Amino acid sequence: MSVTYKAIDPDSGIRWCVRMVFEGDNYGLNHCLEHDKDEPLIEFYDMDSGAAAIMRNSGDKTEAYLAEEYGQFVSRYYLSSLKFDEILDGKTVTDWSKRGGLNLDGGVDRWSVSSEFMVDAMAAINKEMEERRELQHDYA
């Protein structure tokens with residue numbers, strides 16, 4: 001089951017929904033695809049966009065629900081893309097507090113999130129992943 005983190009970016013004031021998509025969860029346009037990989041996907045949705053407001057009033061019930069629940073889809077990453085920076089032949093965990101945030105779509109100025117937002121979002125994601133590991137351990 002997917003998990004969401006919703007918060008306002010302190011730099012831009014934009015409300016964002018960050019959605020974790022796990023194996024077996026639906027995703028994609030109108031959630032018509034099923035995620036079939038072990039590694040989670042992390043999706044970013046703009047909850048304040050004009051398009052999201054229009055989609056909320058759509059005659060398509062699925063589109064209207066998804067726009068109300070999440071907002072307008074912006075970007076999707078594998079979790080590993082957000083967690084690790086490559087350092088020569090090894091990996092190091094990304095420290096979002098030392099980065100300038102994340103540009104989610106270079107074609108739309110407003111679709112960037114701040115470093116502070118990413119620190120908080122990744123903390124929520126890491127907490128969820130830890131809780132899932134503990135549950136799997138308990139049932140193993």
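This is a predicted model: local features need pLDDT of at least 70, side-chain atom pairs count only at pLDDT 80 or more; totals for chains, interfaces and linings use all residues.

Reader: What volume does the largest pocket have, and which residues are closest to its centre?
Author: The space in the largest pocket comes to about 250 Å³. Ten residues line this pocket. Closest to its centre are Phe22, Asp38, Met129, Arg132 and Gln136.

Reader: Where does Arg132 lie relative to Phe22, and at what distance from the ring centre?
Author: A charge counts as over a ring if CZ of Arg is within 6 Å of the ring centre and within 35 degrees of the ring normal. Arg132 lies over the face of Phe22, with a distance to the ring centre of 3.5 Å.

Reader: Over which ring does the charged end of Arg99 sit?
Author: The distance from the ring centre is 5.1 Å. The cut-off is within 6 Å. The ring belongs to Trp96.

Reader: Which elements give two or more residues to the lining of the second largest pocket?
Author: This pocket has a volume of about 220 Å³. Its lining holds 13 residues, with Gly28, Leu29, Asn30, Leu66 and Phe73 nearest the centre. The elements are α2 (61-69) and β6 (72-78).

Reader: Which residues do ring pairs link into a cluster?
Author: The structure has four aromatic pairs. Rings pair if their centres lie within 6.5 Å. The cluster consists of Tyr45, Tyr70 and Phe73.

Notes: Residues are numbered from 1 along each chain as its sequence is written. Side-chain values use heavy atoms; hydrogens and water are left out. Rings of Phe, Tyr and Trp (its six-membered ring) pair if their centres lie within 6.5 Å; planes under 30 degrees apart count as stacked, over 60 as edge-to-face and the rest as tilted. On a 1 Å grid over the protein atoms alone, a cavity is a set of points where a 1.4 Å probe fits but cannot get out, and a pocket is an open set with protein on both sides within 12 Å along at least five of seven lines; lining residues have an atom within 4 Å of a point. Grid points are joined across faces, edges and corners, and a volume is the space filled by probe spheres set on the points. Helices (H or I, at least four residues) and strands (E, at least two) are DSSP runs, numbered from the N terminus.
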